Amino acid sequence: MSSSDRTGTAGHAAAPPPYEVAESPELGRHWVAVRDIAAGEVLLEERPLVVGPKAGSPPVCLTCYAPDSGYRCSACGWPVCGPRCQAAPVHRDAECPLIGGHYDGRRSAAFCFVTPLRCMLLLHQPDGRRATEFRSLQSHLDDRLDTPLYRAYAINVAAFVLDRLGLRSAGYAHDHRSALEAAAVLDTNAFEVRRPGGRKFRAVYARASLMAHCCTPNTKHVFVGDAADGQPTIRVVATVPIARGCSVTATYTQTLWCTRDRRRHLSAAKCFECTCARCTDPEELGTHMGSAACGGQCPSGRATAAGRWLCATCGRPAADPEAVQAVRAVGVLSKTRDCAGFEQFLERVRGGTMPPLHDNHHVAVGVKYALAQLYDDRISDLTAKQLGNNTEICEQLLRLADVLEPGITRFRGLLLYYLVRGLKQLKRMKHRRNYDEMIKNYAREAVVILKTEPDLVHLVEQLQ
């Protein structure tokens, strides 16, 4: 249901949404605030138009998307968790009558057709409103047709659904292009949903899909409802105050990526070139997430792609971050979950023995965030030095969050949680009361944020 469909208590209609859908040549259809919006305000709760496994999904239950347990649907032979999932309408009334005898869990593309098929079937259901809403969403199909992915979809989605599953002969008004159109609508509009138990799938929402993208968004979204029914409600929450007349924005990418990587992703996956304030600033709003440090004699010098990787202070060439990515050690450290390795990496960055990185370069930021998480996992075993390091890292990342993900954001909430946990442990170790006020202030803010994250709300009790 959209926010305009929600009802209040005692049968009273809910207030109209605090935004309207506008249209412009630059943004297309997008949300604009019709009044001042407060941080923390819920802007939308909406049920999905269609839900299904990701294109490259491993074997999962076709109803709740839990990892394959070995149970098979008695009607079609595909993975489900049990009788309840087998009987769920999302599977029983959709693909189940069509896919019997076609399951091969060894194929890497075994699940890639399922969600596009559900979209195609949606267009023939009696509920014309949902079909109309789905048809209204952008696909950018013409921009995608000649890509390797869509050449593969032509075989693994269009030909498979129309001919192998018999959708064409069954009388459905679909052709090769309409099958690819369904896949393209998904790729343009679907949200990735992560739920407890390692469940990852995708869902399309009619109104939430209309929010414009920004690399410093002013909203976040969370998913609520019964994880087992595979039909999560999306909840859109304002993370900062939004003034009347301003665009209400979401991010279609990762805010901790540098501009080069965000733009590549948006161009390939969403078919547009981002021109937000962060993307058009070579220094990324002063954060230098994509900057290299000078390799010469000016420690404060910085170089960016816009400056052809020449130091803005002394003019000497600095390392191109593309070359810096050759620091494959970060990938190895992520697999080993080695605190000492991450600590040494950061020391080498600070000491200049690594290819020069700015302290806020996205590789260094990724290492810091990973180390904060590792510290939290091992909080009882950390030394005083490591606890101090945890405080420094969390405070550095919080300053970054102030620019890139301000307000009531998940990133900020987790950083505050890690910071409070470390300070409490440091206080126990050093018996210092001067930590009390810091702990109190950080914990208060963390609790406000964590209460807006359904899968993190259980952490609140550890801060009280």
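At what angle do helix H14 (residues 410-430) and helix H15 (residues 436-450) pack, and how far apart are their axes? The first legend below gives the values. The model is predicted.

**View 1. Helices H14 and H15 pack against each other.**
The angle is about 150°, and the axes lie 9 Å apart. Angles over 145 degrees count as roughly antiparallel, and H14 and H15 are therefore roughly antiparallel to each other. The crossing of H14 past H15 is left-handed. On the H14 side, the contact is made by Arg 412, Gly 413, Leu 416, Tyr 417, Leu 419, Val 420, Leu 423, Lys 424 and Lys 427. H15 contributes Asp 436, Met 438, Ile 439, Tyr 442, Ala 443, Glu 445, Ala 446, Ile 449 and Leu 450.

**View 2. Helices H11 and H12 form another packed pair.**
H11 spans residues 339-351 and H12 spans residues 362-377. Their packing angle is about 145°, with an axis separation of 10 Å. H11 passes H12 in a left-handed crossing. Cys 339, Phe 342, Glu 343, Phe 345 and Leu 346 make the contact from H11. From H12 come Val 363, Ala 364, Val 367, Lys 368, Ala 370, Leu 371, Leu 374 and Tyr 375.

**View 3. Ala 372 sits in helix H12.**
Is Ala 372 buried or exposed? Its relative accessibility is 0%, so Ala 372 counts as buried. Beyond its neighbours within four places in sequence, Ala 372 is in contact with Asn 390, Ile 393, Cys 394 and Tyr 418. Thr 391 is 19 residues away along the chain. The C-alpha atoms of Ala 372 and Thr 391 are separated by 8.9 Å.

**View 4. Helix H7 covers residues 176-189.**
H7 has 14 residues. From first C-alpha to last, H7 reaches 20 Å, close to the 20 Å expected at 1.5 Å a residue. The helix is mostly covered, with 10 of its 14 residues buried. Among them are Ala 179, Leu 180, Ala 182, Ala 183 and Ala 184. Val 185, Leu 186, Asp 187, Thr 188 and Asn 189 are also buried. At the start of H7, a side-chain oxygen of Asp 175 comes to within 3.2 Å of the backbone nitrogen of Arg 177.

**View 5. Asn 189 belongs to helix H7.**
Asn 189 has a relative accessible area of 10% and is buried. Which backbone oxygen does the side chain of Asn 189 reach at 2.9 Å? That oxygen belongs to Val 185. A polar atom of the Asn 189 side chain also lies 2.8 Å from the backbone oxygen of Gln 138. In sequence, Asn 189 and Gln 138 are 51 residues apart. In space, their C-alpha atoms are 7.6 Å apart. Leaving out residues up to four places away in sequence, Asn 189 touches Leu 137, Gln 138, Ala 203, Val 204, Ser 209 and Lys 270.

Asp 187 is one of the buried residues of H7. Arg 202 also counts as buried, at 9% relative accessibility.

**View 6. His 140 and Glu 284 each have a positive phi.**
For His 140, phi is about 55°, although the residue is not a glycine. His 140 is found in the loop between helix H4 (128-135) and helix H5 (141-144). At 22% relative accessibility, His 140 counts as partly exposed. For Glu 284, also not a glycine, phi is about 55°. Glu 284 lies in the loop between helix H8 (259-270) and strand S11 (292-293). Its relative accessibility is 3%, so Glu 284 counts as buried.

**View 7. Ser 57 lies in a loop between strand S4 and helix H1.**
Strand S4 covers 50-52, and helix H1 covers 83-87. Ser 57 is buried, with a relative accessible area of 8%. Which residues does Ser 57 touch, not counting those up to four places away in sequence? They are Ser 108 and Phe 111.

**View 8. The whole protein comes to 15 helices and 12 strands.**
The protein has 464 residues, and 51% of them are buried. Among contacts with a separation of 6 or more, 64% join residues 24 or more positions apart.

Definitions and conventions: Residues numbered from 1 in each chain as written. Predicted model: local features only at pLDDT ≥ 70, side-chain atom pairs only at ≥ 80, totals over all residues. Heavy atoms only, no water. Helix = DSSP H or I, 4+ residues; strand = E, 2+ residues; numbered from the N terminus. Buried < 20%, exposed > 50% of the residue type's maximum accessible area, 1.4 Å probe, protein only. Contact = heavy atoms within 4.5 Å. Expected span 1.5 Å × (residues − 1). Polar contact = N/O pair within 3.5 Å; in protein donor to acceptor, adjacent residues only side chain to side chain. Axes fitted to C-alpha atoms, helices over the stretch in contact; angles between N-to-C directions. Parallel < 35°, antiparallel > 145°, perpendicular 65-115°, else oblique. Left-handed = near helix turned anticlockwise from the far one by under 90°.
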